[in-house]
Amino acid sequence: IDLPNHGDSTLLPDSLPLSYQRCLEMINIAIGEISQECDNIVLFGQSFGARLVFDLMAATDVSIAGVFLTGFPAKFQMSEELVKKIGALNLEVNHNSENQEQNFVNAWTKILELYTYAPLPSDVFTALTSNLKQEGNELLLNDVPPIENMAEIVRSKSKNYPIAVIEGDADGVVPDDNFAKLKAVIPSALFYKFPNCGHFPMVEREAETLKVFSRNLSK
């Protein structure tokens with residue numbers, strides 16, 4: 001299920017804007033259907049998707065074999081450094097409704113460069129920016145429950161499967177105290193912090209990410 005602000009989403013316009021809880025319900029339904037065909041499900045969540053996976057762990061009755069979370073924000077608040085950097089960008093504001101979508105993509109083309117420690121490969125960067133859409137995510141963050149509300153349920157379930165959390169040391173998307181907060185919330189997880197890495201470990205530090213995946217999948 002692609003999020004509605006991504007270009008390949010199949011959600012019909014009349015179902016938007018999508019609430020966070022509805023998004024979670026739809027993914028839970030999909031996981032339930034997958035579990036009918038597969039009894040060894042490993043979940044991977046990146047960024048906002050990692051938060052969805054975290055809450056899915058608490059909400060689902062499906063048996064999960066393992067979980068990987070990357071770029072996982074404990075709270076939806078950018079680091080102070082990233083806020084400053086975005087504020088310093090020259091982002092053109094054009095209120096012409098015909099160009100609104102293109103203005104959004106143009107702005108994100110500049111902002112996305114701040115998400116990484118080193119430039120992303122051109123094909124990955126192009127794919128990320130070209131698929132962005134402004135519409136569809138207006139309410140997606142409005143009803144996200146505090147992470148502490150879900151943590152107790154996740155902790156009780158996580159004893160049955162491993163959770164691996166990967167974060168780049170230069171990930172400006174996540175809050176400054178992100179790793180410490182996550183360790184307090186899910187202390188049984190395995191934590192990996194990659195040096196010289198931003199918000200996309202699986203792209204920026206592919207070999208190291210694959211090592212973590214392989215090591216944990218073998219369990």
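Tyr20, Phe48 and Phe76 are joined into a cluster by ring pairs, where rings of Phe, Tyr and Trp (its six-membered ring) pair if their centres lie within 6.5 Å. The model is predicted: local features need pLDDT of at least 70, side-chain atom pairs count only at pLDDT 80 or more, and totals for chains, interfaces and linings use all residues. Residues are numbered from 1 along each chain as its sequence is written, and side-chain values use heavy atoms, with hydrogens and water left out.

In one of them, the ring centres of Phe68 and Phe213 are 4.4 Å apart and the planes meet at 40 degrees, so the pair is tilted (planes under 30 degrees apart count as stacked, over 60 as edge-to-face and the rest as tilted). Because Phe68 belongs to strand E2 and Phe213 to helix H9 (residues 206-217), this pair ties together parts 145 residues apart in sequence. Helices (H or I, at least four residues) and strands (E, at least two) are DSSP runs, numbered from the N terminus. Phe68 and Phe213 are both buried, that is, under 20% relative accessible area with a 1.4 Å probe and protein chains only.

Strand E2 (residues 64-70) is mostly covered, with 6 of its 7 residues buried. Strand E1 (residues 41-46) runs parallel to E2 and is joined to it by 6 bridges; two strands pair if DSSP finds at least two bridges between them. Ile41 stands opposite Ile64 of E2. E2 also pairs with strand E3 (residues 163-168) in the parallel sense, over 4 bridges, and Val67 is opposite Ile163 of E3.

Terms used:
Buried < 20%, exposed > 50% of the residue type's maximum accessible area, 1.4 Å probe, protein only.
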